[in-house]
Amino acid sequence: MGERLLMVRDLKTYFYSDIGIAKAVDGISFSVAPGEAVGIVGESGCGKSVTARSIMRLVDYPGRIVGGQILFRGEDLLTLGEQEMRRFRGGHIAMIFQDPLTTLNPVLTVGDQIVEAINLHHGNGTLRGSELLGSLNPFARKRMQEKAWARAIEMMEHVGISVPEQRMKEYPHQFSGGMRQRVMIAVALSCNPSLLIADEPTTALDVTVQAQILELMGQLRSDLDMAIILITHDLGVVAEFCDRIIVMYAGKIVEVGTVDDILFRPKHPYTKGLLRSVPKLGDRRHRIQSIPGVVPELHALPTGCRFHTRCSLATKRCALDEPPLTEIEDGHEVSCFRGTA
Ligand SMILES: Nc1ncnc2c1ncn2[C@@H]1O[C@H](COP(=O)(O)OP(=O)(O)OP(=O)(O)O)[C@@H](O)[C@H]1O
Ligand SMILES: [Mg+2]
């Protein structure tokens with residue numbers, strides 16, 4: 001299987017509330033190799049973002065990671081203190097979100113935000129960048145700021161923003177949606193992460209800009225030899241962009257394989273359903289067959305296979321036993337009693 005950059009083992013992230021425990025991520029295991037692009041797909045609410053946030057250890061209250069391991073180059077992120085975790089976040093692992101407006105600070109210039117991200121990781125492991133800056137003599141401080149500013153300009157150029165010196169002084173609202181997403185990517189990449197997690201990075205953008213951003217991410221991926229976890233609803237996007245695809249349903253992984261495994265040899269009825277619900281290019285009748293039913297409530301999950309309530313192939317056994325994720329051919333794993341036949 002070769003060297004692994006990230007190994008997630010039996011990860012469980014639950015949300016606790018009055019109505020019960022929502023098992024948003026419920027025992028998932030997967031890995032990412034250095035430089036590899038892995039897509040995570042599945043309907044809304046199946047646990048994609050919670051998976052991403054768990055890796056960054058940014059799960060919102062009332063959520064909690066209750067089990068498993070997240071090994072990054074062999075080191076379990078779940079055992080790190082908050083300060084050590086900061087070294088990973090943005091340094092080795094960076095994340096970009098769907099809506100840059102909620103992540104960028106509206107009252108700081110774009111340049112200041114990239115500089116801040118750069119400085120944050122010029123910290124010495126104990127001091128944050130800003131604290132480190134404060135502890136320096138004025139000359140050293142000026143020099144460090146100038147270096148960070150030059151690096152920020154370089155990053156802006158790298159992500160295709162023209163006249164970067166000028167645009168560094170502008171505020172997020174002065175940028176178009178696509179340009180803001182480029183700024184987000186510049187912030188995320190300013191510290192040369194070896195893993196970038198992109199959660200629906202292009203969903204809010206129109207199709208042309210979406211294609212440009214994906215092309216940019218693909219370019220940066222090969223320039224910087226960076227692995228990417230790309231989360232999206234769009235199977236077309238993962239098919240273009242990724243090496244492997246993880247299909248999630250109701251907090252579980254139901255199928256994993258190469259893009260070809262998933263597109264040409266899908267085994268799980270849920271994967272097949274997702275593929276059928278993609279509109280075909282040129283099909284003017286738009287006969288999209290959506291999967292009947294909805295994702296079950298995560299605090300009241302069905303017994304057995306979580307998909308059995310919506311599955312046309314389900315048998316009695318599917319309602320009783322939970323099918324384990326099983327490797328059916330090299331690197332192609334499926335959790336289905338019927339799909340593996
Ligand atoms: N802040 C929260 N409070 C309570 N429950 C939450 C919270 N965030 C997520 N959950 C639970 O986790 C489930 C999975 O959420 P998640 O955001 O991972 O879905 P997703 O697959 O990313 O969906 P989408 O495609 O809509 O982004 C939700 O359905 C919800 O039950
Ligand atoms: Mg999400």
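Modeller: What follows takes the labels in turn and sets each against its definition.

Modeller: This is a predicted model, in which local features need pLDDT of at least 70, side-chain atom pairs count only at pLDDT 80 or more, and totals for chains, interfaces and linings use all residues. Residues are numbered from 1 along each chain as its sequence is written, while chains are lettered from A and ligands numbered from 1 in the order in which they are written.

Colleague: Why is helix 4 called roughly parallel to helix 8?

Modeller: Helices here are DSSP runs of H or I with at least four residues, and strands are E runs of at least two, numbered from the N terminus. The axes of helix 4 (residues 110-120) and helix 8 (residues 177-189) come within 8 Å and cross at roughly 25°. Axes are lines fitted to C-alpha atoms, for helices over the stretch in contact, and angles run from 0 to 180 degrees between N-to-C directions. Under 35 degrees counts as roughly parallel, over 145 as roughly antiparallel, 65 to 115 as roughly perpendicular, and the rest as oblique. So helix 4 is roughly parallel to helix 8.

Colleague: Which residues of helix 4 and helix 8 meet?

Modeller: Val110, Gln113, Ile114 and Ala117 in helix 4 meet Val183, Ala186 and Val187 in helix 8. Contact requires C-beta atoms, placed from the backbone, within 7 Å. The contact residues are six nonpolar, one polar and no charged. Nonpolar covers Ala, Val, Leu, Ile, Met, Phe, Trp, Tyr, Cys and Pro; charged covers Asp, Glu, Lys and Arg; the others, Gly among them, are polar.

Colleague: What makes strand 2 and strand 5 edge strands?

Modeller: Two strands pair if DSSP finds at least two bridges between them. Four strands form an open antiparallel sheet in the order 2-1-4-5. Strand 2 (20-32) and strand 5 (75-76) each have a single partner strand, so one side of each has no neighbour in the sheet.

Colleague: Which residues come nearest to ligand 1?

Modeller: Ala24, Ser44, Gly45, Lys48 and Ser49 come nearest, of 15 residues around ligand 1. A residue is near a molecule or strand if its C-beta atom, placed from the backbone, lies within 6 Å of it. Helix 1 gives the most to this shell, with three residues. By class, the shell has six nonpolar, seven polar and two charged residues.

Colleague: What is the strand order in the sheet of eight strands?

Modeller: The order is 6-7-8-3-9-10-12-11, and the pairing is mixed. Its twist averages 20° from one strand to the next. Strand 7 (residues 195-199) and strand 8 (residues 227-231) run parallel, joined by five bridges.

Technical notes
Contact = placed C-beta atoms within 7 Å.
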